[in-house]
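Colleague: I have some questions about the fold and the contact between the chains. Can we go through them with the structure in view?

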Amino acid sequence: MQYLNNPELLMKLLSQLSEGMLTSLSIFFCTLLFSLPLGLLVALGRMSKRKWLSAPVSFYILIMRGTPLMLQLFTVYFFLPKLVGPIPRLQSTLIAFTFNYAAYFAEIYRGGIMSIDKGQYEAAQVLGFTRAQTFMQIVMPQTIKRVLLPVSNEVITLVKDTSLATAIAVRELFLVAKNATSSSGSVEPLFIAGLFYLAMNTIVTFFFSWLTRRFDYYRG
Amino acid sequence: MLEVSHIAKAFENEAVLRDVSLTVRQGQVVAIIGRSGSGKSTLLRCLNHLETVDAGEIRIDGVPMVSADENGKPAYAPKAELRKLCLKMGFVFQNYNLFPHMTVLRNLCQAQERVLGRSKAEALVRARALLAKVGLSDKERQYPCQLSGGQQQRVAIARALALDPEILCFDEPTSALDPQLTQEVLNVIRELAAEKRTMIVVTHEMRFAREVADYVIFMQDGVIRAQGTPEEVMGQNRTEELSAFMGLLGDD
C-alpha cells in the first residue's frame with residue numbers, strides 16, 4: 001500500500017495519470033471524430049451495386065475486423081513511414097484506430113440501413129423525393145435511432161482500446177500506469193488507472209442512455 | 001387521362017400481368033378486384049413506377065411514361081420527366097408507410113416543401129386543411145405510432161393529397177384494418193369520390209366497390225377478365241368466375 005498510505009506520492013501519481021488520461025481522451029475523441037463519418041462512407045461503398053467498389057470495400061472490412069488492432073497499429077507505425085515519411089506516434093495511433101473503427105461502424109450502419117422497411121423507400125419515391133433526399137431525410141434519421149445501442153458498444157470498447165497505444169510508446173493512461181508500476185513494484189497504479197477507464201465509460205454509458213431517451217419520441 | 005396498353009410483367013419468369021390494357025378518364029373511380037395474386041396490386045404499382053413493366057405502354061395526360069422503342073422494348077421517360085409524371089399520381093399503401101420519425105404535420109409538409117418547393121406557410125395551410133378534411137385536426141402534433149391504423153391510413157391519404165395528384169391510387173387501403181376502422185377510411189374515400197376525384201382503388205371490399213366505383217375491373221391470373229360498370233360486372237349477368245370469387249368472400 002505504498003501509494004494509498006502516502007498522500008504526497010498518491011497526488012503525484014494521480015497528476016501523472018491525469019496527464020496520461022488527457023492523451024487517451026484525445027485518441028478517443030479524434031478517433032470518433034474521424035471514424036464515425038468515415039464509417040458511413042464505407043457502409044455506402046459496401047452496399048454499392050457497383051462490384052468494383054463494393055468488393056474492395058468488403059476486403060478492407062475483412063482485414064480491419066479480421067486482424068489484431070495492435071498489428072494494424074504496428075503496421076502504420078513501422079511500415080507506413082517507409083512509403084510516406086515519418087509519422088509521429090500519436091498520429092500513427094489515430095490513423096490505425098480511425099480505419100479500424102470505421103470498419104466496425106460501417107457494418108453497424110449497414111445493418112441499420114438495411115433494417116429500414118422497403119415501404120419507407122417506396123413512400124418516399126411516390127412522394128417525389130430524390131434518392132439523396134430519401135436517404136438524408138427519411139432513412140438516416142431512422143437509422144441513427146436503430147444503431148445507437150451497437151455504436152455505444154463500440155465506443156465503450158474504444159475507451160479501453162486506447163490502451164493499445166502503449167505498444168508504440170504513446171504516453172497515454174495505461175503506459176503511465178505501467179511505468180509507475182514497474183518503477184515502484186506496486187500494482188496500485190494499474191488498478192487506479194482501471195478506475196479511470198471505468199469512470200470514463202460510466203460517463204459514456206450515461207451519455208448514450210440520455211441519447212437513447214432523446215430518440216424515444218417515436219417507436220419504430 | 002391515363003392510358004395503359006398491353007403491359008406485361010413477370011417476376012422470375014412467372015407472368016404476373018399479361019397484356020393488360022385500360023383507360024381511366026377524369027373524375028372516374030375505378031375499382032380493381034380479384035383474388036390475391038391476380039396481379040391487381042402489381043398493375044397499380046406499375047402505374048406508379050414502383051415496378052417496371054416488361055412490355056407495353058403507359059401514358060399520363062397523353063405523355064408517355066413508358067413506351068415501346070424501335071425494337072419494341074419498353075423505354076421509360078428520362079429521369080426528370082419520369083419524376084414529374086409520377087407526381088401526377090398519388091399512392092396510398094396497404095400498410096400506410098408513414099414516416100415514423102415525423103409528426104403527422106411533418107409527414108404532410110415534408111414533400112410539399114422539399115419536392116414541390118412550397119413555402120413553409122403555404123405547406124402548413126394545405127396540410128391543416130387536409131387534416132380537417134380527414135377529421136384529424138387534433139392529431140397534427142402526434143407521431144404515427146400514437147395513432148390507430150385507421151387514423152394512420154387517413155393521414156397517409158392526406159399526405160398523398162397534399163401534392164395535388166391528378167389520380168389517386170389505393171393499394172388495398174383497408175386490408176390491415178378491422179371492420180370499424182375500415183369504415184373510417186372508406187368514408188374518406190367516399191367523400192373524395194363525391195368530389196369527382198379520379199381514383200383507382202384495388203380492394204377486397206365488394207360492397208364498397210359496387211357502391212362507389214363507376215368502373216370495375218375484375219382480374220384473374222394477370223388478365224382482365226371482366227370490366228364495365230359495377231352493374232355490368234357484378235350484377236346478374238356476371239361471369240361464373242366472378243360469382244365464384246364473390247362467393248368466396250361471402251358477399252351476395
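Colleague: In what order do the six strands of the open sheet in chain B run?

Modeller: This is a predicted model. Pairing in the open sheet is mixed, and neighbouring strands are turned by 20° against each other on average, direction ignored. The edge strands, each pairing on one side only, are β7 (89–92) and β11 (223–228) of chain B. The order is β7-β8-β9-β3-β10-β11.

Colleague: Which residue of β9(B) is the bridge partner of B:Asp171?

Modeller: Strand β8 of chain B covers residues 167–171, and β9 of chain B covers residues 198–202. The two strands run parallel and are joined by five bridges. In β9(B), the partner of B:Asp171 is B:Val202.

Colleague: Which element gives the most to the side of chain A that touches chain B?

Modeller: In the contact between the chains, 18 residues of chain A meet 19 residues of chain B. On the chain A side, these are eight nonpolar, eight polar and two charged. The elements giving two or more residues there are α5 (118–126) and α6 (131–161) of chain A. With six residues, the one that gives the most is α5(A).

Technical notes
Residues are numbered from 1 along each chain as its sequence is written. Chains are lettered from A and ligands numbered from 1 in the order in which they are written. This is a predicted model: local features need pLDDT of at least 70, side-chain atom pairs count only at pLDDT 80 or more; totals for chains, interfaces and linings use all residues. Two residues are in contact if their C-beta atoms, placed from the backbone, lie within 7 Å. Helices (H or I, at least four residues) and strands (E, at least two) are DSSP runs, numbered from the N terminus. Ala, Val, Leu, Ile, Met, Phe, Trp, Tyr, Cys and Pro count as nonpolar, Asp, Glu, Lys and Arg as charged, and the others, Gly among them, as polar. Two strands pair if DSSP finds at least two bridges between them. Axes are lines fitted to C-alpha atoms, for helices over the stretch in contact, and angles run from 0 to 180 degrees between N-to-C directions.
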